[in-house]
Amino acid sequence: MLRLRLWSNQTFAPDDEHMGIEHMSHCLDALRQSLMCSVDITPIPWIWDAEAKEAKAVAEIEHTCRNFDKVREWAQENQAKSFDTKVYVEDDLR
């Protein structure tokens with residue numbers, strides 16, 4: 001939806017349920033939180049390039065990633081089929 005909103009020739013009403021500013025802001029914040037919570041802390045070493053006479057980042061560093069297909073599969077299998085936003089359930093863990 002963010003990509004559609006950014007790159008589409010369509011215009012969307014500011015209060016559109018899925019494409020409005022409030023929902024887009026929510027999506028951007030969700031992305032921000034995800035990036036901050038799962039930040040990649042793999043160090044990127046630098047090596048001196050004698051020919052160029054400067055230090056350059058080593059790009060061939062192996063990173064450990066999550067298996068996105070497995071995460072998406074789990075999410076699809078475990079999604080809430082219905083969700084009533086008008087029902088309040090007391091949080092007994094607090």
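The dialogue below goes through some features of a predicted model, one at a time.

Me: I would like to begin with the cysteines; how many disulfides does this model hold?

Reply: The general idea is that a disulfide is a covalent bond between the sulfur atoms of two cysteines. In this predicted model the count comes to zero disulfides. C27 is in no disulfide, and the nearest cysteine sulfur to that of C27 belongs to C37, 16 Å away. A disulfide needs the two sulfur atoms within 2.5 Å, and the sulfurs of C27 and C37 are 16 Å apart.

Me: Is C27 buried or exposed, and is C37 buried or exposed?

Reply: The general idea is to look at relative accessible area, where buried means under 20% and exposed means over 50%. C27 has a relative accessibility of 18% and therefore counts as buried, whereas C37, with a relative accessible area of 70%, is exposed.

Me: Which strands pair here, and in what sense?

Reply: In a regular strand the side chains alternate between the two faces of the sheet. In this structure β1 and β2 pair in the antiparallel sense, over four bridges. One of the positions to look for is D49, whose bridge partner in β2 is E54. The two strands form a hairpin, with four residues between β1 and β2.

Me: What should I notice about the phi of K53?

Reply: As a general idea, most residues other than glycine have a negative phi. K53 is not a glycine, and yet its phi is positive, at about 55°. With a relative accessible area of 64%, K53 is exposed.

Me: How many salt bridges are there?

Reply: The reading rests on a cut-off, because a salt bridge here asks for a side-chain nitrogen of Lys or Arg within 4 Å of a carboxyl oxygen of Asp or Glu. By this rule the count comes to three salt bridges. One of them joins the side chains of K56 and D49, at 3.4 Å from N to O. K56 is partly exposed at 34% relative accessibility, and D49 is likewise partly exposed, at 24%.

Me: Where in helix α2 do D29 and R32 lie in relation to each other?

Reply: D29 and R32 are three residues apart in helix α2, which is about one turn of the helix. Their side chains meet in a salt bridge, with 2.8 Å from N to O. D29 is partly exposed, with a relative accessible area of 30%, and R32 is partly exposed as well, at 40%.

Me: Which side chain meets that of R72 in a salt bridge?

Reply: The partner of R72 is D69, and the distance from N to O is 2.9 Å. Both R72 and D69 lie in helix α3 (residues 68-77), three residues apart, again about one turn of the helix. The relative accessible area is 39% for R72, which is partly exposed, and 49% for D69, which is partly exposed too.

Me: How far apart in sequence and in space are S25 and E77?

Reply: S25 and E77 are separated by 52 residues in sequence and by 27 Å in space, C-alpha to C-alpha. S25 has its place in helix α2 (residues 21-37), where it is partly exposed, with a relative accessible area of 44%.

Technical notes. Residues numbered from 1 in each chain as written. Predicted model: local features only at pLDDT ≥ 70, side-chain atom pairs only at ≥ 80, totals over all residues. Heavy atoms only, no water. Buried < 20%, exposed > 50% of the residue type's maximum accessible area, 1.4 Å probe, protein only. Pairing = 2+ DSSP bridges.
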